[in-house]
Amino acid sequence: MKKHRVKIGVAFVTLLLVFWLIVALQRSVILLTDPDPVAKALGAAYLLLPLIGAWALVRELAFGAQTEAMARALDAEGGLPVDDLPRTPAGRIVREAADAQFPDYQAAVEAKPEDWRVWFRLSCAYDAAGDRSRARRTMRHAAKLHRGRQ
């Protein structure tokens with residue numbers, strides 16, 4: 001059930017972003033057709049926003065699809081990390097417990113640096129420890145390795 005809520009949320013945010021991209025593109029065209037050179041310059045600059053937004057949207061959706069494909073593959077192999085860490089009453093993972101497991105995942109990466117599976121699990125460990133930026137960077141590396149093996 002949670003997986004469906006996440007997908008519905010992603011679809012909703014994606015639709016909002018696409019709507020914004022269309023409106024921004026429309027506004028830039030209006031400015032570009034204005035005879036005033038300043039308006040034309042603003043229209044050209046404003047045209048960059050929907051282009052960058054569309055690029056970011058496609059990149060993030062592809063990243064999500066790749067991550068989901070890797071998770072399915074690991075699940076089929078029985079290799080997904082087990083979510084057995086203790087949690088606070090609010091449902092958050094106890095940071096000290098996540099930190100205690102982290103060296104095991106890091107050692108696995110050092111032992112098999114070319115295996116996307118260990119990088120995927122290390123990304124999950126970073127996420128559990130609360131380091132989201134390293135988790136994303138590590139997951140992107142896992143995806144790169146996963147694509148390279150196909």
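Predicted model: local features only at pLDDT ≥ 70, side-chain atom pairs only at ≥ 80, totals over all residues.
View 1. Leu85 sits in the loop that links helix 2 to helix 3 (95–111). Setting aside neighbours within four places in sequence, its contacts are Ile93, Ala97, Ala98, Gln101 and Ala128.

**View 2. Helix 2 from end to end.** Helix 2 covers residues 37–77, 41 residues in total. From first C-alpha to last, helix 2 reaches 61 Å, close to the 60 Å expected at 1.5 Å a residue.

**View 3. The buried residues of helix 2.** Which residues of helix 2 are buried? Here they are: Ala39, Gly43, Pro50, Gly53, Leu57, Phe63, Gln66, Thr67, Met70 and Leu74. As a handy reminder while browsing, an α-helix has 3.6 residues a turn, so residues three or four places apart point the same way.

**View 4. Helix 2 meets helix 4.** At what angle do helix 2 and helix 4 (residues 116–128) pack? The angle is about 110°, and the two axes are 11 Å apart. Helix 2 is therefore roughly perpendicular to helix 4. The residues of this contact divide into 6 nonpolar, 1 polar and 3 charged. Helix 2 brings Thr67, Met70, Ala71, Ala73, Leu74 and Glu77, while helix 4 brings Trp116, Arg117, Phe120 and Arg121. Thr67, Met70 and Leu74, which take part in this contact, are also among the buried residues of helix 2.

Definitions and conventions:
Residues numbered from 1 in each chain as written. Heavy atoms only, no water. Helix = DSSP H or I, 4+ residues; strand = E, 2+ residues; numbered from the N terminus. Expected span 1.5 Å × (residues − 1). Buried < 20%, exposed > 50% of the residue type's maximum accessible area, 1.4 Å probe, protein only. Axes fitted to C-alpha atoms, helices over the stretch in contact; angles between N-to-C directions. Parallel < 35°, antiparallel > 145°, perpendicular 65-115°, else oblique. Contact = heavy atoms within 4.5 Å. Nonpolar A, V, L, I, M, F, W, Y, C, P; charged D, E, K, R; others polar.
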